[in-house]
Amino acid sequence: MTSDVEIQPAAGPSLPAPPPATSPWATLRALLLRLHFYAGILVAPFLLVAATTGLLYAASFQLENVIHSHELTAPVPAEAQRVPLARQVAAATAAHPGGTVGAVRTSDEPGVTTQVLLDVPGLAESTRLAVFVDPYTGRVRGALESYGSSGALPVRTWISQLHRHLHLGEPGRVYSEMAASWLWLVGLGGLVLWLSRRRRGERRLRRIVAPERGVRGLRGTLSWHGSVGLWALVGLLALSATGLTWSKYAGANVDVLQRSFGWSTPSLPVPSGGHGDHGGHAAGDAEGAAARSADADQVVRAAAGGGLSGPLEIVWPAEPGSPYVVKEIDRLWPQRNDQVAVDPVDARVTAELRFDDYPLAAKLTRWGIDGHMGVLFGPANQILLAVLALALVSVIVWGYRMWWLRRPTRGFAAPYERGGLRRLPVGVTLLLGAVAIAVGVFLPLLGLSLLAFLVVDVVLARTAALRARRSRVDG
């Protein structure tokens, strides 16, 4: 959201400047209007890229299901009898003998293949080879690279990395963090400007929440810009907050904050080098323990006895004697995110972690991230993401159109009046400075870019003053 309808399109270069603000609120509003103008012009391209790539990501799940349908699905026979999971894992490792089993993903839906995730040398970080096995025949249907904890396949991985860093690696993450950081300031500043506009008549509330009918030009564009931005604001701020948890610089500060207040996601207490009450085996007993180790089917049955259901991920022990970790991976609402540790010898549940026992902040983080990724409510979540992306694109386009409509007879519209900060009371100025510093430290890219805006604005003001002084002297 952006500027105020009180600023009309200039009739020409000689349009007189509006009188300076008199009250502290009017002065603060003028300052906010100038900051919102700069942010809208200079930061909006980052937001536009984030919105368009986010719109593409909202459709990535359907694209993945269509493009990789052969690997993801299998024909359901008349007598849908599943072969043992251990046999499916053996088929995957036989097809790719150079890989080591890292995890197995199962599904309780008919016609969905089992994914055996292999650690294979030469793959990128956080990437495994997913081998897709027909659960009814035990035959391998294909293999694809799988990225991250969400198990994104190549098409979704490509779209996700486009949204995350434009395929530029770590330097590209600056763009997405810049967009997420500024979205708060642009959105909340626009909300204040929109709600503080002077409106007359009995339909004042309607003019806030809905576009004005039969109005064109600058006023009509502003009406659509403000009302659509108002409706989309909560969702956009939620996307900004969850996006910052993945960011490079602000994300590190979020991690520190979560640890300091005990908001971090708890981890399953998994013993290392031993299993259950048996204690650690001596090196000479390693082969014997391996010979009598539980197979995948026993591990799944133990997890089911521990209350786990739905699609599961069975994480293979990282070292001999360590337990299997079985996780529920159902992100739909209501979510199933419980975990258990299963002894590798006698298939007993030795530890558990229930999602109900998570701290509230950790639950909110989980829900927020899943909502950002479009998996919390399935297709409804993806439709909501698409609507928010389209709303943000529209608000940005309307903002640039207002910039154009405010222009004089040539060129683009000038920024709004400067000098508002100097007219504020000292106490208000100090408070704003303290808030800006705190926010800038927590959101470093916002702080640095805001400082850059200030420096550029001061330089432009000094340059304009020198030119005016020279013109008076020459005249």
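At 33% relative accessibility, H167 counts as partly exposed, and in this predicted model the residue is found in the loop between α6 and α7 (173–195). The backbone of H167 has a positive phi of about 60°, although H167 is not a glycine. A second residue of this kind is A347, whose phi is positive and near 55° although it is likewise not a glycine. A347 lies in the loop between β7 and β8 (349–353), and because its relative accessibility is 17%, under the 20% limit for burial, A347 counts as buried. Most residues other than glycine have a negative phi, and most peptide bonds are trans. P334 has its place in the loop between β6 (324–328) and β7 (339–342).

The secondary structure of the protein as a whole comes to 17 helices and eight strands. Of its 475 residues, 42% count as buried, and among the contacts between residues at least 6 apart in sequence, 64% join residues that are at least 24 apart.

The crossing in which α3 passes α6 is right-handed. On the side of α3, the residues that take part in the contact are S60, F61, L63, E64 and I67, and these meet V155, R156 and I159 in α6. When the residues of this contact are sorted by class, five are nonpolar, one is polar and two are charged.

Both of these helices also receive buried residues of helix α13, which pack against α3 and α6 as well as against α2 (44–58), α9 (217–245) and α14 (379–405). Helix α13 itself covers residues 360–373, 14 residues in total, and reaches 20 Å from its first C-alpha to its last, close to the 20 Å expected at 1.5 Å a residue. The buried residues of α13 are A361, A362 and K363, together with I369, D370, G371, H372 and M373. After α13 comes G374, with a positive phi near 85°.

Definitions and conventions. Residues are numbered from 1 along each chain as its sequence is written. This is a predicted model: local features need pLDDT of at least 70, side-chain atom pairs count only at pLDDT 80 or more; totals for chains, interfaces and linings use all residues. Side-chain values use heavy atoms; hydrogens and water are left out. A crossing is left-handed if the near helix is turned anticlockwise from the far one by less than a right angle, and right-handed if clockwise. Helices (H or I, at least four residues) and strands (E, at least two) are DSSP runs, numbered from the N terminus. Contact means heavy atoms within 4.5 Å. Ala, Val, Leu, Ile, Met, Phe, Trp, Tyr, Cys and Pro count as nonpolar, Asp, Glu, Lys and Arg as charged, and the others, Gly among them, as polar. The expected span of a helix is 1.5 Å times one less than its number of residues. Buried means under 20% relative accessible area, exposed over 50%, partly exposed in between (1.4 Å probe, protein chains only).
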